[in-house]
Amino acid sequence: MEEHAPRFNLSIVSSDVEVGGARLFAEYALSDEEIAIAHWWVLINCEEVKYWKELHLSFPEVDGDLEYHNMTFANYFRTWMDMIKSDDNPNWSHELLLLAMQPQRARVYPTCTVNGVKFVSEERDNRRRTQNSGVMAKGHGLDYYGVLHSVVELVYAEGMKVHMFKCRWFDTGAQSMKMDQYGNLSVNTATSAYKVDPFVFATSVKQVFYLDDLAKGDAWKIANIVHPRNIYRAATFGVTIPGPEADAYQEPNAVGIHDVATVRENNVKHGRVLRIRDEDSTFIDVDPNEETNDDSDDELRHRLPDINSDTEEDSSDDSDYEP
């Protein structure tokens, strides 16, 4: 995100999304109809617009008719935002006014990083050995699987951006999705569905890795949801990242590796031969059954024998040791 980019207080606007790659044009550019569909998707899934949706559905001429609601709500919403902007209505905000004005432009990209997870378009992914185009979106009682076609950036007035994925969704029918006895979901990737409704928010999908289903063959793939580990946003910890040269955040002792002092203490405590080199190395051979006098430390300090030989005399030299 740009250093001085304005922030917009809407649930659909996220700073966790970073588009990548050169912009796509030609056959990837959205038509006016597709932009209208994408804008409609934004409106009906924006939490801050919920009050206005329910109000519109309660109108006598609408009377709960979802088809009519979907066709006319955007125009009603734009009119309302213009009319009440000076009425101190608690359900009005400047961001909602920007949203009601519809997108000024739509940009399309081949890649996108969402909270540290990279997604790549299907066309670009097919030229790679890695796989980053699989997606899964949760619906009402149904999960939708597909692949990323392109990343869409809707730009509203004052630079407010909403990021969406345009996807190629697979058919969710019983003949196209099958669960085996071990709980593995197999999807027929040769099928397509929801062509007139291909959009989803970039922040609402999970990445999926598709494996060949050797039992069913052909275009059947086993869907494995990717669960990223130890990925954090710097802002979560109150850390300001000055630029691309900054080191990535790593959780202390994330993999359970103890420091040198802890290893030395634990080994000495259990009478193990210890050989650790640090800046101020002191090698001590400890016998747990021998009583020692704190005043005789100098007599106890000597070079350890080679830990790989219990019988040979110590012939090691500090200069030959490689950490």
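**Entry 1: loop residues with positive phi**

I started at D218, which is exposed with a relative accessible area of 78%. My scale calls a residue buried under 20% relative accessible area, exposed over 50%, and partly exposed in between (1.4 Å probe, protein chains only). The model is predicted, so I asked pLDDT of at least 70 for local features and 80 or more for side-chain atom pairs, while totals for chains, interfaces and linings use all residues. Residues are numbered from 1 along each chain as its sequence is written, and side-chain values use heavy atoms, with hydrogens and water left out.

D218 is not a glycine, yet its phi is positive, about 50°. I found D218 in the loop between β11 (205-212) and β12 (220-225). For element names I used DSSP runs numbered from the N terminus: helices are H or I of at least four residues, strands are E of at least two.

Y194 also went on the list. Its phi is near 55°, a positive value in a residue other than glycine. Y194 sits in the loop between β9 (185-188) and β10 (199-201). Y194 is partly exposed, at 34% relative accessible area.

**Entry 2: aromatic rings**

I counted 10 aromatic pairs in the structure. The rule takes rings of Phe, Tyr and Trp (its six-membered ring) with centres within 6.5 Å; planes under 30 degrees apart are stacked, over 60 edge-to-face, and the rest tilted. Y144 and Y194 make an edge-to-face pair, 5.3 Å centre to centre with 85° between the planes. Y144 is in strand β6 (residues 143-155) and Y194 in the loop between β9 and β10, so this pair ties together parts 50 residues apart in sequence. Y144 is partly exposed, with a relative accessible area of 24%.

I also noted one aromatic cluster, formed by Y51, W52, F59, Y76 and W80.

K216 lies over the face of W220, 5.9 Å from the ring centre. Here I required NZ of Lys or CZ of Arg within 6 Å of the ring centre and within 35 degrees of the ring normal.

**Entry 3: salt bridges**

Side chains of opposite charge can pair when their charged atoms come close. I counted a salt bridge when a side-chain nitrogen of Lys or Arg is within 4 Å of a carboxyl oxygen of Asp or Glu. The count comes to 8.

I looked at D82 and R78, whose closest N and O atoms are 3.3 Å apart. Both lie in helix α3 (residues 66-83), 4 residues apart, about one turn of the helix. D82 is partly exposed at 34%, and R78 is partly exposed at 32%.

Next came R168 and E122, which meet in a salt bridge at 2.9 Å, N to O. This pair links distant parts of the chain: R168 is in strand β7 (residues 161-169) and E122 in helix α5 (residues 122-125), 46 residues apart. R168 has 26% relative accessible area and is partly exposed; E122 is partly exposed at 22%.

K221 and D212 meet in a salt bridge too, at 2.3 Å, N to O. K221 is partly exposed at 21%, whereas D212 is exposed at 51%.

**Entry 4: cysteines**

Which count did the disulfide search of the whole structure give? It found 0 disulfides. The test was a pair of cysteine sulfur atoms within 2.5 Å. I checked two cysteines for cover: C46 is buried at 1% relative accessibility, and C167 is buried at 7%.
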